[in-house]
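Subject: A structure for you to look at

Hi there,

Here is the structure I promised to pass on. Please open it alongside this note, and I'll walk you through what turned up.

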Amino acid sequence: MKNFGHLLIKEIKELINKQLIISLVLMLLIFSFIGNVTKKEMKKAIARQKIAVLDLDQSELSKDLIGALNMANFIIEEQAGEKEDVIKKLQMTDLGLLVVIPSGFSQEVSNFKPVEVETYSYLRGISISGSRTSEVVKALLNTTNDFLSNQYLKKRLPDINPAEIKSPIKNREFILVKERMAQGSSAAVIGTLYAQSYLLPIILMMIIMYSSQMVITAIAMEKQNKTLETLLTVPISRQAIAMAKMLAAGLVGLLSAAIYLYGFKMAFSFPTEELSSVTGGLAPILKQLGLTIDTQDYALFGLSLFLAILCALSIATILGVLAEDYRTAQSLNIPLVFLVLVPYFISLFADINTMSLPAKILVLAIPFSHPFFAMQNMMFGHMQMFWLGLVYNFVFVAVMLIWTARIFATDRVLTMKLKWRRKKIVL
Amino acid sequence: MTPVLEVESLKKNYGQLPALKGISFKVDQGEIFGLIGPNGAGKTTTLRIIATLLTPSDGRVSFLGFDLKKDPEKFREKISYLPEEAGAYRNMKGLDYLEFMARFYANNGVELKEYISRGEQISDLGARLKDKVGTYSKGMTRKLLLGRALMTKPALAILDEPTSGLDVINSLEVRETIKSFVKQGISVLLSSHNMLEVEFLSDRVALIDQGQILDAGSPQELKEKYQAPNLEIVFKSCVRSNS
């Protein structure tokens, strides 16, 4: 045990080297820069939109419309002069949208005839705030139409609230999860669950990829630097050597993933005030539906993740033994990366429970898949699938660890190589 | 003399290829035993088996009464192996490397200090021990590794081509170090294709070719037997008479 701790410290020190620290710091700086730029753009997009309005009608109704736009969260900059001149003049400003209220606007409205309000969008690049222009036009038209239709209805039916005529059907929405039911918006519930868990697959992918990469590299570097032979002749069991490498890689992988995640969150997390108020309102609904996660669920999820990491590390250890040097190690990690990407993309874009049986079996045969779907399985009561996944990963880890221990206990740790040209394993 | 190591009918096959065809020899306490032969003769395979890196296909190896197949852990506690193309951890300082390796063998702090101090003395790298191994020349790395191999005073030091890649001066220094350490009671099993080096170092030698020991004895005995001025000529005559 004394020697194991001693070896483990050496492995961790070898992994946390200058290159790793520099790459992590650089990554944090890059994420921080991306975050600042993105947040500025987001703020611009969320802020009250400034629009230019050219009122060629100058009627009471057109002024009321401008007032309605103002009330609907637009900042109005009124323009004067000829339309063509105003269009040209605005090219020189940072305004993104011009609304032209034609002359005769009030007259046409009074005669219940459709009116054409022209909008001019100024595209000055590709950015989040730029892409918002079409949304602004849509919101503007909705506000204008709403305003005008209210005017019509008030004239014709002065005693009735226009909103009641325009939306005579009210909706009471109910959500069902298994035998539980609650009143609320399914879109809001799904949106909240997604917002709470969208980082989870990224964390899982990073931890698994990092850890496996590190253990493959650690073993390959021992071979490349000709230190493995010496290490294998010191008085410590071969299993302890393999375990020290796996544990060190797992710990450093976790640390790197945590730092990456922090950077990622820094760059891509958006203002959460509104989101939290929505979540706060939905909390009782989520609880009623059993869609909340308690300590026991977190513990079970942790167990699933731990077993998946052990699966990845045990596969990576064997791949590391096959690698002759650092370069080969990099190539050998590629199949593992693909295996992690499969459940990652499926968890983002598909529902494992609705997939065909053969596809489902293929995905679940990948041991890293199970933690990707564990949270969803627990929340939606697919506990049988969760437990089966856990047992599968446990058996997989046991078999792989026995295999790894056997390889390390024999000549194969030195003689096993993957020969690319012959495309076969030479033992 | 009591043999510390006994090798009997040792065989090793790599797939269909026989690397060792049943070799036998003994190493006595305080003795330097040299295996000499050309590249591919089976020297390194023999040393790797005794160092517990490879498992024999057949035969028996016993060391201080322990059987290699049954007690490889006991072997590792008492032996020290210097591979031909060994390296040290490039990101470690020389002194840290010695400490890292010494910790596997030391039972307490006093032993640890003693091992490190001996390692410093053997490697003879002075202030450069405080530099990272990655900055060392090949000769310096080899001296550090020799320090590592001998610092724990192993019952048997297994040295594969100990002066491999070293210049004349460094080779001489390494040979002197090995000689002086044997006087302290440790046994050495070494291999080299440099027969003059083995002649200078070894008390007894075994001539090995194509996985078989052709002859064994002290350098003087062999030279007299084959009426040759040095071991190179002995080896040539021996190969000719066996073919």
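Predicted model: local features only at pLDDT ≥ 70, side-chain atom pairs only at ≥ 80, totals over all residues.

Residues are numbered from 1 along each chain as its sequence is written, chains are lettered from A and ligands numbered from 1 in the order in which they are written, and side-chain values use heavy atoms, with hydrogens and water left out.

Helix α10 (residues 200–224) of chain A and helix α15 (residues 326–349) of chain A cross at roughly 165°, and their axes come within 9 Å (axes are lines fitted to C-alpha atoms, for helices over the stretch in contact, and angles run from 0 to 180 degrees between N-to-C directions). α10(A) is therefore roughly antiparallel to α15(A), a label for angles over 145 degrees. Helices here are DSSP runs of H or I with at least four residues, and strands are runs of E with at least two, numbered from the N terminus. The residues of this contact comprise 17 nonpolar, seven polar and no charged. Nonpolar covers Ala, Val, Leu, Ile, Met, Phe, Trp, Tyr, Cys and Pro; charged covers Asp, Glu, Lys and Arg; the others, Gly among them, are polar.

A second pair is α14 (residues 295–322) and α17 (residues 369–379) of chain A, which pack at about 165° with axes 9 Å apart. The crossing of α14(A) and α17(A) is right-handed. Residues of α14(A) that meet α17(A) include Phe301(A) and Leu305(A), where contact means heavy atoms within 4.5 Å.

There is also a sheet. Four strands of chain A form an open, mixed sheet in the order β2-β1-β3-β4, with strands counted as paired if DSSP finds at least two bridges between them. β2 (74–79) and β4 (118–121) of chain A each have a single partner strand, so one side of each lacks a neighbour in the sheet. β3 (residues 97–101) of chain A pairs with β4(A) in the antiparallel sense over four bridges, and Leu97(A) stands opposite Ser121(A).

Best wishes

Terms used
Left-handed = near helix turned anticlockwise from the far one by under 90°. Parallel < 35°, antiparallel > 145°, perpendicular 65-115°, else oblique.
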